[in-house]
Amino acid sequence: MGARRTVATLAIPFVVGLAAVGLSAGPAAAAADGRPCAFTGDYRTMPTGNTVPVRWCPDWSPRSDGRIPVYEAPTGGSVVGWMNDTGTRTNWYVCQINGARHDAGGYWNTWWALTMADNGQWGWVNETYFRGGGNGERDGGLPADCPPLD
């Protein structure tokens, strides 16, 4: 029992010393994504012909018609299509990348997810339309390595 006290007594000043010089055991934890996207075994074919796994993500829309705009690029730009029936079911997405800031419904984000709009056009949805995360946070279930569209 005396050895345990000695180890604990030595460990406390060491940890305090690390904190004093600005070192820590890891980065501060970000707010948790309470509703991350999930892989359920589904795949889609990209315009390149490659087949990729998709994740189903709970989304929502502040618009009265419940639709989510799908943009041509993760910088915004033109709307190429829409996701319909949001909030009543989940929609699938391929991956995510960091891009331009987008504001919607009192929230903001710089993370964009690749998907296909309901009209068959590929494009990007800003993650302000995803449930569960905080402002500026990426989704906890989508990969960050996006395949090329063409």
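Reply: A hairpin joins β3 to β4 through two residues. The model is a predicted one, and its chain follows the pattern α-β-β-β-β-β-β-β-β along the sequence.

Me: How many bridges join strand β3 to strand β4, and which residue of β4 is the bridge partner of P69?

Reply: Strand β3 covers residues 68-73 and strand β4 covers residues 76-83, and the two run antiparallel. The number of bridges that join them is five. Within β4, the bridge partner of P69 is W82.

Me: Which residue in the turn between β6 and β7 has a positive phi?

Reply: Strand β6 (residues 96-104) and strand β7 (residues 107-116) run antiparallel and are joined by six bridges, with D103 having W108 in β7 as its bridge partner. The two strands form a hairpin with two residues between them. In that turn, the residue with a positive phi, of about 60°, is G105.

Me: What percentage of the contacts between residues at least 6 apart in sequence join residues at least 24 apart?

Reply: The protein has 150 residues, of which 33% count as buried, and one helix and eight strands. Among the contacts between residues at least 6 apart in sequence, the share that joins residues at least 24 apart is 57%.

Terms used:
Residues are numbered from 1 along each chain as its sequence is written. This is a predicted model: local features need pLDDT of at least 70, side-chain atom pairs count only at pLDDT 80 or more; totals for chains, interfaces and linings use all residues. Side-chain values use heavy atoms; hydrogens and water are left out. Two strands pair if DSSP finds at least two bridges between them. Helices (H or I, at least four residues) and strands (E, at least two) are DSSP runs, numbered from the N terminus. Buried means under 20% relative accessible area, exposed over 50%, partly exposed in between (1.4 Å probe, protein chains only). Contact means heavy atoms within 4.5 Å.
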